[in-house]
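The following account leads through one protein structure, taking up a helix pair, a sheet and a charged contact in turn.

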Amino acid sequence: MTRRRDGGAGPAAEQRMPGAPARHRAVLSALVALVLAVSAAIYLSVSAGEGTPRGALADDRPHHGSSVAPASAGTWVGTWSTAPVGGEPGTETQGLAGHSVRNVVHADMGGTSARITLSNLYGQAPLTITHASIALSSGDGSAAADPESMRRLTFDGATSVVIPPGEQIVSDAVRLVVPHDSDVLVTTYSPTPSGPVTYHPHARQISYVAAGDATEDATGTPYTEQTPHWRYLTSLDVLSNEADGTVVVFGDSITDGITSTVGANHRWPDILAGRLRAAVEGGRHVPRYSVVNEGISGNQVLTDGLGRPAENQSGLGRFGRDALSHPGVKAVVIDLGVNDILRNPELADPDRIVAGLRALVGQAHARGLKVVGATLMPYRGHRGWTAAREAVRQRVNAEIRAGGVYDAVVDFDKALRDPYDPRRLRPDYDSGDHLHPGDLGFGRMASVFDLSMLGGAGQAEL
């Protein structure tokens with residue numbers, strides 16, 4: 001029988017029934033017409049919706065919940081992120097072959113669907129992921145997941161993916177209701193050597209590792225190894241009705257929250273995110289934005305770390321990847337520059353630092369983004385402090401306050417300095433090393449941030 005592409009019977013169907021009564025032929029024609037009508041209706045329905053989604057499961061193994069890509073309305077925004085910093089020591093030859101890596105991350109903004117980004121930026125060999133999952137945490141700080149929330153992740157429809165050295169990949173979207181201010185577990189399994197592992201060392205969050213493929217294990221029992229690092233995972237995005245865009249906070253160890261309480265989400269961008277969400281819920285006229293953290297401890301505006309690709313890449317080098325590539329990015333907050341002063345073996349040139357900051361702003365303005373910048377906080381009492389370096393910090397801050405660097409300024413220096421010695425942090429804001437704030441200091445940073453500064457577009461020229 002000849003078949004048309006729409007699945008209906010062709011003319012040969014009637015030609016093979018030459019002796020059929022006319023009424024039979026009429027009935028047959030009516031049935032054919034009905035089949036064609038139903039087929040057209042199904043086609044139109046699928047075309048108007050998602051059809052066969054990229055996030056659909058590629059096999060028929062049991063799974064919890066739906067892995068169908070989202071059909072609901074909303075805006076894709078970043079709800080959590082971290083910057084890839086370097087290759088993890090000790091993983092150069094084997095990577096984490098034969099192990100499941102369960103990253104614990106905190107979702108700032110809620111959504112109805114989710115997707116992740118995995119990075120092999122510092123790998124020297126292809127990274128093979130054969131199994132990946134996402135689930136909501138059980139909420140007890142362990143590796144246990146809410147079993148009903150377990151979803152298998154796919155990549156262009158397949159459960160396995162190979163990430164070449166120096167590259168990253170975004171998963172297909174899965175339908176999963178992610179509440180705001182919740183912990184999410186993202187797990188990957190790699191069966192083959194692929195080192196070194198691309199990681200973020202100062203997570204201030206405990207994550208987990210298990211021997212073998214325990215990717216969809218919800219009990220958490222196999223995850224007997226704890227780690228202070230985030231591995232491979234660099235972002236979690238959600239399809240959200242709670243936010244219209246993303247704010248990226250771009251900085252160094254102060255933004256990274258290196259001295260905040262582990263597992264408490266007391267980094268200052270975390271607290272800023274909570275303030276912004278509460279203000280929106282309270283009816284204030286402030287932007288409906290999520291907040292993501294792109295801080296790296298030790299990061300500088302101008303200078304890369306060692307290696308190829310450079311570990312702890314300079315702010316200028318990583319800005320496009322870490323700040324501008326997020327979905328729906330509307331504004332960038334920059335708190336960077338103190339390490340250019342502190343880590344320079346020579347006396348840093350304040351004009352070069354300011355020029356570097358202006359270059360970052362120029363990249364953001366080319367995308368129409370608003371840029372809020374922070375003054376550099378004091379650090380007298382730290383072993384790297386000298387009077388000459390203090391003079392450089394003061395010159396950089398003077399340029400920032402004069403309005404020739406950023407679209408708007410948050411004066412962290414003024415907010416956290418000791419009124420009796422402005423070259424020091426106020427003692428109750430000091431973590432004890434005289435450079436980094438503690439939890440109280442991070443809270444102060446978030447509290448003095450004027451939320452209305454995040455609104456509007458960036459200036460065309462400063």
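In this predicted model, helices α7 and α8 cross in the right-handed sense. Two packed helices are described by the angle between their axes and the distance between the axes. Here α7 spans residues 350-365 and α8 spans residues 387-401; the angle is about 40° and the axes lie 9 Å apart.

The contact between the two helices can be followed residue by residue. On the α7 side it involves P350, D351, I353, V354, L357 and R358, which meet V392, R395, V396, E399 and I400 of α8. Seven of the residues in this contact are nonpolar and four are charged, with no polar residue taking part.

Attention now turns to the sheet. Strands of a sheet pair through backbone hydrogen bonds, either parallel or antiparallel. An open sheet of six strands runs in the order β7-β6-β11-β3-β13-β14, with antiparallel pairing. Within it, V209 has E225 of β14 as its bridge partner.

Finally, the whole structure contains 19 salt bridges. One of them joins D244 to R288, with the closest N and O atoms 3.0 Å apart. This pair links distant parts of the chain, 44 residues apart: D244 belongs to the loop between β16 (233-240) and β17 (245-251), whereas R288 belongs to the loop between α4 (268-281) and β18 (289-295).

Notes
Residues numbered from 1 in each chain as written. Predicted model: local features only at pLDDT ≥ 70, side-chain atom pairs only at ≥ 80, totals over all residues. Heavy atoms only, no water. Pairing = 2+ DSSP bridges. Helix = DSSP H or I, 4+ residues; strand = E, 2+ residues; numbered from the N terminus. Axes fitted to C-alpha atoms, helices over the stretch in contact; angles between N-to-C directions. Left-handed = near helix turned anticlockwise from the far one by under 90°. Contact = heavy atoms within 4.5 Å. Nonpolar A, V, L, I, M, F, W, Y, C, P; charged D, E, K, R; others polar. Salt bridge = Lys/Arg side-chain N within 4 Å of Asp/Glu carboxyl O.
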